[in-house]
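Biologist: I would like a close look at one kind of side-chain contact in this model. Please take it slowly and keep it plain.

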Amino acid sequence: MGGIAQVCHAKLLGVTISQDLTWNKHVDNIVKKAGKRLYMLYQLKRAGITQKDLVSVYVSVVRPVLEYACPVWHTNLPRYLSDNIEVIQKRALKCIFPGLGYAEILRRYLDVLTWIR
C-alpha cells in the first residue's frame, strides 16, 4: 500500500548491505564474481600469455572486484570472511606463478607490479 518494502539485503553503489549489518552476503557476492573472472585468468594462462600480462589482467580485472569500496566494509570484517577473499587472491597468484611457495609468489608478484607501473 505504498509503504517501503523490507528486504534482507540490498545493493547500494555495488556494496551489499544486510539488514543485520554483517558483510557475509557482500563477501559471498564478490567472491563469486571474482571466481568467475578467475576462470578467464586460467584460460589466458592456457593460451600462453606471459606472467607480466597475467598480472596485468589480475590487477585490472580480478582484484578490483575484491577491493571495490573496501574502506567501507573491510575494517569490520571477521577473519573468516577476510580468509574467503584471500583464497581467491591466492588462487589467482598460484595460477600466475605455479610451483612456488606463497612467500616467493608474493615477491615475484611485487617485482612484476614494479615492471607494470
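Biologist: How many salt bridges does a search of the whole structure find?

Modeller: This is a predicted model, and a search of the whole structure finds 4 salt bridges. Start with helix α2, which covers residues 51-67 and holds both Arg 63 and Glu 67. Their side chains meet in a salt bridge, at 3.5 Å from N to O. The two residues are 4 apart, about one turn of the helix. Glu 67 has 35% relative accessibility, so Glu 67 counts as partly exposed. Arg 63 has 18%, and because buried means under 20%, Arg 63 counts as buried.

Next comes helix α4, residues 79-96, where Arg 79 and Asp 83 are found. These two form a salt bridge whose closest N and O atoms are 3.5 Å apart. Arg 79 is at 63%, so Arg 79 counts as exposed.

Glu 104, at 26% relative accessibility, counts as partly exposed. Salt bridges that share partners join Glu 104, Arg 107 and Arg 108 into one network.

Notes. Residues are numbered from 1 along each chain as its sequence is written. This is a predicted model: local features need pLDDT of at least 70, side-chain atom pairs count only at pLDDT 80 or more; totals for chains, interfaces and linings use all residues. Side-chain values use heavy atoms; hydrogens and water are left out. Buried means under 20% relative accessible area, exposed over 50%, partly exposed in between (1.4 Å probe, protein chains only).
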